[in-house]
Amino acid sequence: TTAATLSFAIDRLGVDPSVQQRLHDEIAANQGEPYLNCFIQETLRYFPTVPFVVRETASEVVLEGNLLASGQPLLISIVGLHHDPANWSDPDIFDCSRAEFLNDSYDRRAFLPFLAGPRMCGGARLARVELIEGFKAVIRQFSVKGGSDEIGFDYGLALRPRASAPLAIARRAL
């Protein structure tokens, strides 16, 4: 799942060279990484590792006027939650400068890339470290060209990238 998320992030690098340069400059300056963190958060929002989860009601409950019996299964769309216009401005646009992340103004209940509560991903902290450090290594050493606004992905138990536009990855001159 970390490799899939890194693949999505690298794919988005090729779309706009100015974004890639801004990320490279921020990492090289070594004075904090708000733009990098925003980019990673937006990648996790737009391409959640787990597209949906199945849960079961613990007791009888009324949800938006619908009576749900105890033990009734629920399908919760993480993709739908992360693309809900009630919580995100232009939710269907990949915005690597998303104000909600840069300003830390997003609703924590509307952003669940690793889920939450007792069933939260046990490897969430490790995954974040791997994502950030892996992405930094790519940005430091390589430049990416190509990509398009058309994004290819496949649904499964986890969201996986699907080849769309070809990318050219070249070693940066150090």
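Contact here means heavy atoms within 4.5 Å. By that rule, and leaving aside neighbours within four places in sequence, glutamate 42 is in contact with Ile93, Phe94, Asp95, Cys96, Arg98 and Phe101. This is a predicted model: local features need pLDDT of at least 70, side-chain atom pairs count only at pLDDT 80 or more, and totals for chains, interfaces and linings use all residues. Residues are numbered from 1 along each chain as its sequence is written, and side-chain values use heavy atoms, with hydrogens and water left out.

## Overall layout

The protein chain holds 6 helices and 8 strands. Both are DSSP runs numbered from the N terminus: helices are H or I with at least four residues, strands are E with at least two. Along the sequence the pattern reads α-α-α-β-β-β-β-α-α-α-β-β-β-β.

Of the contacts with a separation of 6 or more, 65% join residues 24 or more positions apart. The chain has 174 residues, and 39% of them are buried. Buried means under 20% relative accessible area, exposed means over 50%, and partly exposed lies in between (1.4 Å probe, protein chains only).

The chain exposes about 10,000 Å². Carbon and sulfur atoms supply 55% of that area. Accessible areas come from the Shrake-Rupley method with a 1.4 Å probe; for residues, only the protein chains shown count as cover.

## Salt bridges

Side chains of opposite charge can pair when their charged atoms come close. A salt bridge is counted when a side-chain nitrogen of Lys or Arg lies within 4 Å of a carboxyl oxygen of Asp or Glu. The count comes to 8 salt bridges. Three of these pairs are tabulated here.

| Pair | N to O distance |
|---|---|
| Arginine 45 and glutamate 42 | 2.8 Å |
| Glutamate 42 and arginine 98 | 2.8 Å |
| Aspartate 104 and arginine 108 | 2.6 Å |

Arginine 45 and glutamate 42 are 3 residues apart in helix 3 (residues 34-46), so about one helical turn separates them.

A network of salt bridges links Glu42, Arg45, Arg98 and Glu100.

Aspartate 104 is partly exposed, with a relative accessible area of 48%. Arginine 108 is likewise partly exposed, at 43%.

## Cysteines

How many disulfides does a search of the whole structure find? The search finds 0. A disulfide would be a pair of cysteine sulfur atoms within 2.5 Å. For cysteine 96, the nearest cysteine sulfur is that of cysteine 38, and it is 7.2 Å away. Cysteine 96 is therefore in no disulfide under this cut-off.

Cysteine 96 is buried, with a relative accessible area of 12%. Cys96 is also one of the contacts of glutamate 42. Cysteine 121, by contrast, is partly exposed, with a relative accessible area of 36%.
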